[in-house]
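Student: I have a model open and want to learn how to read its features. Could we walk through a few together?

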Amino acid sequence: NDCYSQSYPQLYEPGQRSLYFSKGAFIKCALHSCYSSLVLFFVPYAAVRDSVSTDGHDIADHQSFALLTQTCLTVTVCVQLGLDLSYWTAVNHLFVWGSLGMYFLVTFTMQSDGLHRLYASSFPFVGTAHNSLDQVTVWLTVLLTAVLCVLPVVVHRFLFMQLNPTINDKAQPPPPRRRARIRRSSTRCSGYAFSYAYGYGDLVTSKRFLRRPVPLRSAGSTPAGRSAAFRPAGRSAGYSPSGQ
Amino acid sequence: MMASSYNAKEEDGHHSGSVGPGGPGTGKSKKPDNTAFKQQRLPAWQPILTAGTVLPAFFAIGLIFIPIGIGLFVTSNNIREFELDYTGVEMSSPCFNCSQTYSWNNSCRCSVPFTLEQPFESNVFMYYGLSNFYQNHRRYVKSRDDSQLNGDKRFLTNPSKECEPYRMNDKMPIAPCGAIANSLFNDTLELYYVYPNGTKTAIHLVKTDIAWWTDKHVKFRNPAGNNDNLTITFQETTNPINWHKPVYELDPTEPDNNGFINEDFIVWMRTAALPTFRKLHRIIQKKDSLTPTLPPGNYTLDIAYNYPVRSFDGRKRMILSTISWMGGKNPFLGIAYITVGSVCFFLGVVLLVIHHKYGNRSSNAEIPN
């Protein structure tokens, strides 16, 4: 939050150095996607191949397999999202669990008998959710897929946090103190993180960022000069975020 | 950009009446309400990955997954399954002659003997399996008319365009239309138990309850009217090109299994997801809790070999299988759970060692302030 950002200005260095938006980051993301895609198809494939349901009926048919893969994907995405969300308010809880619940609600509605009786050709998946989502193996497959997809991410993050902690990890306070603190200090500091402390007024009216002496202009017409001072590749001369 | 910072300064308490829409003096403040929701101060939970949360989680996952995996593996091993390939590709196979000759009029018969080593308890399910048969081809999956199969009379005589080229035959509409219905599996399988003295007894095969309830009662309906005499209902239609008999003669003895609601037809119309699949054909019901349903011994499978698979290098199989709480025999889930559980446990140990040796380096005192 803003109080914490003021005490640790080095937190802005990774962004200025493009640490999170580089070719290395892209390749890592692509590898993770490839691995997740392979897991999300081949685990359900192997789980229902040559298998049948608990009363001997089909479970490896086109529609059930599609539903199984889709459910694996939705649950895995929600778990991964939960891992990435670092600030869980009531709104976050509502939208994450609500998404999952909405998925099941819409699936059961679209595959219900009533809609099929109205428009038979448009809702051919009638009965699929009812017949396949009451199988134990289907839910065990979903659980296995979610764990397999999320496990490497957790291991990778934890390992790097232990061996090579970034500035973001080092600046984390221990959790129990943090939880108590966020409630008490909420009246003092708002959650909106200001990236500057005092605004640009005194910067602009002083002539510090101008390279050559120019005639005094009004405050509203110096956009070019301001962007020159705001080079993303490192600190510019004479300007520091703490407003000195 | 300058305007936004000017407004930001305003929020700190400097009120300027000229910014509001109401004009100077009566300017409505643009400042948001000082509620927790609008100032983004809602109470929040901030989970972070510490050793205290990650390591117990790994050990917990390991301890939960390994017993589940063992349970699944043991259950799968206890399921009895027997597979018999009767395509007749090898010259020594009893069905070799049938596989080489394919004639439209004559049905070839062959008989394959086999032996069951172990008894099959409780209900035994008989499946037919096909290999290299891509029921999941996109154009094939779409080649059906669900409205016609639902008993809608408008589509009985005017099937959907998706069924092309299996929509009309000699200007008569085909019922049921489409490529899926046209390729209906039409082998008949009969099972006989052979006593040690050589006499055979037929094993009773039940042909109902093999399709999903929703399929039989909701998705597939015969067109209304004349339920006892489906010949009249379907009189303006003709049977699919590859069928020997029309749809109202699929099971004339039982009106509840005739026409579109024939269970073998329904099971076939539920397209499979993979090129090697099995579909439920018959059920052998258990007699009582003392005698096994299929005792160990010699058996014979009598086949009316109608379905040609050699043209696409396919294979036909008959499978006998028992069922458990996890379904059919599939050791993959059990092995996967045991593997993932062990890997998790091992990773937990490794991470604990790493944390013990290299962790505790991260502390606030290290950051120059």
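This is a predicted model: local features need pLDDT of at least 70, side-chain atom pairs count only at pLDDT 80 or more; totals for chains, interfaces and linings use all residues.

Tutor: Residues are numbered from 1 along each chain as written, chains are lettered from A and ligands numbered from 1 in written order, and side-chain values use heavy atoms, without hydrogens and water.

Student: Is Ala202(B) buried or exposed?

Tutor: Buried means under 20% relative accessible area, exposed over 50%, and partly exposed in between (1.4 Å probe, protein chains only). Ala202(B) has 54% relative accessibility, so it counts as exposed.

Student: Which strand is Ala202(B) in?

Tutor: Strands (E, at least two residues) and helices (H or I, at least four) are DSSP runs, numbered from the N terminus. Ala202(B) belongs to strand S7 of chain B.

Student: How many bridges join S6 to S7 in chain B?

Tutor: Two strands pair if DSSP finds at least two bridges between them. Strand S6(B), residues 188-194, runs antiparallel to S7(B) and has three bridges to it. Val194(B), for instance, has Lys200(B) as its bridge partner in S7(B).

Student: What is the strand order in the open sheet with S7 of chain B?

Tutor: The order is S2-S9-S6-S7 in chain B, four strands with antiparallel pairing. Strands S2 (108-116) and S7 (200-202) of chain B are at the edges with a single partner strand each, so one side of each lacks a neighbour in the sheet.

Student: Where does S6 of chain B turn up in the second largest pocket?

Tutor: A pocket is an open set of points on a 1 Å grid over the protein atoms alone, where a 1.4 Å probe fits, with protein on both sides within 12 Å along at least five of seven lines; lining residues have an atom within 4 Å of a point. The second largest pocket holds about 1,100 Å³, a volume being the space filled by probe spheres set on the points, which are joined across faces, edges and corners. Its lining has 39 residues, and Tyr307(B) is among the closest to the centre. S6(B) is one of the elements that give two or more residues to that lining.
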